[in-house]
Amino acid sequence: MRNLITDVRGILVGNAEDAAAATGVTVALFERPSIASVAVLGGAPGTRDTALLEPGMTVEHVDGIVLSGGSAWGLSAADGVMSWLAAEGRGFPVGGLRVPIVPQAILFDLANGGEKPFARGDGEAPYRQLGGLAAAEAAAEFALGTAGAGFGATTKNLKGGLGSASAVAATGQVVGALVAVNAVGMATIGDSPHFWAAPYEHGLEFGGRGWPAAIPPEDLALRFKGGPGANTTIALVATDAVLTKAQAKRMALCAHDGLARALRPVHAPLDGDVVFAAATGHSGAPSDAYALTELCATAADVLARAVARAVYCASALPFPGARPAWRDRFGT
């Protein structure tokens, strides 16, 4: 086990970044078309092709999931992924052609100090190219922290980033999470090094600081990054189980509990919080509703851990006024 979403058999992940623009793209590719659904609980999401993931819609399988910076400009990242997949002969068959199915969610990282002339109408945004590069880099191992879609991400007090985690559920099936954390609030408790997700930590995966002895009232007060707007945490949870689209939808909904355990607050009116859920089907179906519940609960736990790992692994951006990394403030 790598403690990455790629512990789920049939998934590879690639990152690509534009360091000058302080932004990037992360692509999760499925080695074979996989069942997927989505739950959108943020009040201001930025998404592409998410309607087809609802259980009643015709297309059952997807070829990949894209997480990207760039706000609405970032939605072109899926174009690059589609082109790469088409060259590989992948996609939904239609009239002798194939159309790659690549749903996407984006986060807002336009105000992080990077140079983004495309946001002023000067030149083309880099996201189509970054999408293709990320797809080409897809592998079992990939970077966390200031990488991919998390390259330009921030939280209220610390640098955000890209996180991942995995676990074996009580059913024996593997569940993993991939997340780009760009939260309006905080992953840590007040000004301490302790993470809200501390009770779910495995080993020392995000510092091993544990839960604080007490949480004073001031640490429960909401703190917003520049006001409660223009922020998003976007994620994918996945399992090697066989699921229907309706079951994947249930997993996506349950996995949002992981965001609520790891961030304060989430799902705000101007957040775009989105969780995709996918099933690669390599290990067989859950035996009953109780087994599905085990998978859903595990998805929430691994997503909470992945959020903390995103912040723990991040490094600060080299711009004036950039938010510090967790390790800059608290060591290792």
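Modeller: Let's start at Pro265, which lies in the loop between helix 4 (245–262) and strand 11 (274–279). Helices (H or I, at least four residues) and strands (E, at least two) are DSSP runs, numbered from the N terminus. This is a predicted model, in which local features need pLDDT of at least 70 and side-chain atom pairs count only at pLDDT 80 or more, while totals for chains, interfaces and linings use all residues. Residues are numbered from 1 along each chain as its sequence is written, and side-chain values use heavy atoms, with hydrogens and water left out.

Biologist: Thanks! What makes the peptide bond from Arg264 to Pro265 cis?

Modeller: Its omega, which is near -5°. As a rule, most peptide bonds are trans, and most residues other than glycine have a negative phi.

Biologist: Which value of phi does His267 have?

Modeller: A positive one, near 60°, in a residue other than glycine. His267 sits in the loop between helix 4 and strand 11. Ala22 has a positive phi too, of about 55°, and belongs to the loop between strand 1 (11–18) and strand 2 (23–40).

Biologist: Why is Ala22 called buried?

Modeller: Because buried means under 20% relative accessible area, exposed over 50%, and partly exposed in between (1.4 Å probe, protein chains only). Ala22 has 0%, so it is buried; His267 has 26%, so it is partly exposed.

Biologist: Which side chains does Asp79 meet in a salt bridge?

Modeller: Those of Arg48, at 2.8 Å from N to O, and Arg128, at 4.0 Å. Both pairs qualify because a salt bridge is a side-chain nitrogen of Lys or Arg within 4 Å of a carboxyl oxygen of Asp or Glu. By this rule the count comes to eleven salt bridges. Asp79 lies in helix 1 (residues 77–87) and Arg48 in strand 3 (residues 47–48), so that pair ties together parts 31 residues apart in sequence. Arg128 is in helix 2 (residues 127–136), so its pair with Asp79 links parts 49 residues apart in sequence.

Biologist: How do you know that Asp79 counts as partly exposed?

Modeller: Its relative accessibility is 25%, so it falls in the middle class, and Arg128 does so at 44%.

Biologist: Why does Glu201 have no salt bridge?

Modeller: Because the limit is within 4 Å, and the nearest side chain of opposite charge, Arg309, is 8.1 Å away from Glu201, which is buried. Here Lys and Arg count as positive and Asp and Glu as negative; His and the chain ends are not counted. Glu201 belongs to the loop between strand 9 (174–182) and helix 3 (217–220). A polar atom of its side chain lies 2.9 Å from the backbone nitrogen of Gly208.

Biologist: And what makes the aromatic pair of Trp326 and Phe330 tilted?

Modeller: Rings of Phe, Tyr and Trp (its six-membered ring) pair if their centres lie within 6.5 Å; planes under 30 degrees apart count as stacked, over 60 as edge-to-face and the rest as tilted. The structure holds seven such aromatic pairs. Trp326 and Phe330 are 5.4 Å apart centre to centre, with 55° between the planes, and form a tilted pair. They are four residues apart in helix 6 (residues 326–330), so about one helical turn separates them. Trp326 is buried at 0%, as is Phe330 at 17%.

Biologist: Which residues form one aromatic cluster?

Modeller: Phe195, Phe206, Tyr312, Trp326 and Phe330.

Notes: A polar contact is a pair of N or O atoms within 3.5 Å; within protein, one must be able to donate a hydrogen and the other to accept it, and residues adjacent in sequence count only if both atoms are side-chain atoms.
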